[in-house]
Amino acid sequence: MKRTLHALDKIQERLESELDSRPPASEKDAGYRSGISEALVCVMEVRQSLAR
C-alpha cells in the first residue's frame, strides 16, 4: 500500500509540475492543460479512496 501511495504522489507531482510549466498559449494548450487537470483530479480521488 505504501508503494502505491508513493507512486500516486510521484504522479501527482509530475502532473502539477507540468501544469506549472506550461502557460496556456493556444486553444490546443488549453485542451492539453484541461486533460492534465482531469488526470490530477483522478489521481487525487484514487489516493483518497485508498486512504480510507
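User: Which residues in H1 meet which residues in H2?

Analyst: In this predicted model, Thr4, Leu5, Leu8, Asp9, Ile11, Gln12, Leu15, Glu16, Glu18 and Leu19 of H1 meet Tyr32, Arg33, Ile36, Ser37, Ala39, Leu40, Val43, Met44, Val46, Arg47 and Leu50 of H2, where contact means heavy atoms within 4.5 Å. By class, that contact has 13 nonpolar, three polar and five charged residues, with Ala, Val, Leu, Ile, Met, Phe, Trp, Tyr, Cys and Pro counted as nonpolar, Asp, Glu, Lys and Arg as charged, and the others, Gly among them, as polar.

User: What should I know about the numbering and the model?

Analyst: Residues are numbered from 1 along each chain as its sequence is written. The model is predicted, so local features need pLDDT of at least 70 and side-chain atom pairs count only at pLDDT 80 or more, while totals for chains, interfaces and linings use all residues, and side-chain values use heavy atoms, with hydrogens and water left out.

User: At what angle do the axes of H1 and H2 cross?

Analyst: The axes of H1 (residues 2-21) and H2 (residues 27-51) cross at roughly 155 degrees and come within 10 Å; the axes are lines fitted to C-alpha atoms, for helices over the stretch in contact, and angles run from 0 to 180 degrees between N-to-C directions. Helices here are DSSP runs (H or I, at least four residues), numbered from the N terminus.

User: Roughly parallel or roughly antiparallel, then?

Analyst: H1 and H2 are therefore roughly antiparallel to each other, a term used for angles over 145 degrees.

User: Which residues make up the largest nonpolar core?

Analyst: That core has six residues, namely Leu8, Leu15, Leu19, Ile36, Leu40 and Val43, and the elements that give two or more residues to this core are H1 and H2. A nonpolar core is a set of buried Ala, Val, Leu, Ile, Met, Phe, Trp, Tyr and Cys residues joined through side-chain atoms within 4.5 Å. Leaving aside neighbours within four places in sequence, Leu15 is in contact with Ile36, Ala39, Leu40 and Val43.

User: And Gln12, buried or exposed?

Analyst: Gln12 counts as buried at 16% relative accessibility (buried means under 20% relative accessible area, exposed over 50%, partly exposed in between, with a 1.4 Å probe and protein chains only). Leaving aside neighbours within four places in sequence, Gln12 is in contact with Leu40, Val43, Met44 and Arg47.

User: Switching to Asp29, what is Asp29 in contact with?

Analyst: Apart from neighbours within four places in sequence, Asp29 is in contact with Arg22, Pro23 and Pro24. Asp29 lies in helix H2 and is buried, with a relative accessible area of 17%.

Key:
Parallel < 35°, antiparallel > 145°, perpendicular 65-115°, else oblique.
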